[in-house]
Each structure stands twice: as structure tokens, then as C-alpha cells.
Amino acid sequence: MKLYGHPETSDGDSPHRLSEVALCASPEALRKIAGFLHHCASEMERMGAHYNHIHLSDRLPEFEDSPHLIVARE
């Protein structure tokens, strides 16, 4: 697994590899994110090499105003 990210003030440059991520969220939000990750894993298995990426906010609109969480194939 690799983690990538942009600073909040990013000007759109390529993402930078991260060594650590801290999720500051409520138990309810963490459960929703866990469900999203489970969905992504299922989609990766189902789609195989055709899987590219899925955005959390596309799957769960309540996260539209949150930092972008994107799950991509390794």
C-alpha cells in the first residue's frame, strides 16, 4: 500500500507520497468510510484490471465538503 496526498493549499501539482495519515473523524464517519473501503475492494475484485479509482464523495455525497479520499488500484 502507498499513500499519496496534496496539502490543503495545493496548486494542483502531482500528489506527494505520504508516510503517515491521521483520520480525525467521528465513529459514524469512520463506519461509513469502512463501508466505502469494503465497496472499493469488492469493485477491484469484480472489475479486475479495468478498476481505476473511486472517490468517497461520489459514493457518499455527505463527504463532498471533506478532503478528497480516493481509492486507486495499486
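This report covers the core, the pocket, the salt bridges and a surface patch of a predicted model.

## Basis

Local features need pLDDT of at least 70, and side-chain atom pairs count only at pLDDT 80 or more, while totals for chains, interfaces and linings use all residues. Residues are numbered from 1 along each chain as its sequence is written, and side-chain values use heavy atoms, without hydrogens and water.

## Core

The largest nonpolar core has 10 residues, including Ala29, Ile33, Phe36 and Cys40. Such a core is a set of buried Ala, Val, Leu, Ile, Met, Phe, Trp, Tyr and Cys residues joined through side-chain atoms within 4.5 Å. Buried means under 20% relative accessible area, exposed over 50%, and partly exposed in between (1.4 Å probe, protein chains only). Helix α1 (residues 27–47) gives this core its largest share, four residues. Helices (H or I, at least four residues) and strands (E, at least two) are DSSP runs, numbered from the N terminus.

## Salt bridges

The structure holds three salt bridges. Each is a side-chain nitrogen of Lys or Arg within 4 Å of a carboxyl oxygen of Asp or Glu.

Glutamate 28 pairs with lysine 32, their closest N and O atoms 3.5 Å apart. Both sit in helix α1, four residues apart, about one turn of the helix. Glutamate 28 is exposed, because its relative accessibility is 52%. Lysine 32, at 30%, is partly exposed. Lysine 32 also bridges to glutamate 62, with closest N and O atoms 3.1 Å apart. That pair links distant parts of the chain: lysine 32 is in helix α1, and glutamate 62 is in the loop between α2 (56–59) and β4, 30 residues apart.

Arginine 46 bridges to glutamate 43, the closest N and O atoms being 2.9 Å apart. Arginine 46 is exposed at 59% relative accessible area, whereas glutamate 43 is buried at 16%. Shared partners join Glu28, Lys32 and Glu62 into one network.

## Pocket

The largest pocket has a volume of about 1500 Å³. Its lining has 32 residues, with Leu3, Tyr4, His68, Leu69 and Ile70 nearest its centre. A pocket, on a 1 Å grid over the protein atoms alone, is an open set of points where a 1.4 Å probe fits, with protein on both sides within 12 Å along at least five of seven lines; lining residues have an atom within 4 Å of a point. A volume is the space filled by probe spheres set on the points. Helix α1 gives the largest share of the lining, four residues.

## Surface patch

Leu18, Val21, Leu23 and Leu30 make a nonpolar surface patch of about 340 Å². Patch residues have over 30% relative accessible area and no salt bridge, and nonpolar side chains are joined within 5 Å. Leucine 18 lies in strand β2 (residues 16–18).

Key. Patches are made of residues with over 30% relative accessible area and no salt bridge: like charges are joined within 9 Å, nonpolar side chains (Val, Leu, Ile, Met, Phe, Trp, Tyr) within 5 Å. Accessible areas come from the Shrake-Rupley method with a 1.4 Å probe; for residues, only the protein chains shown count as cover.
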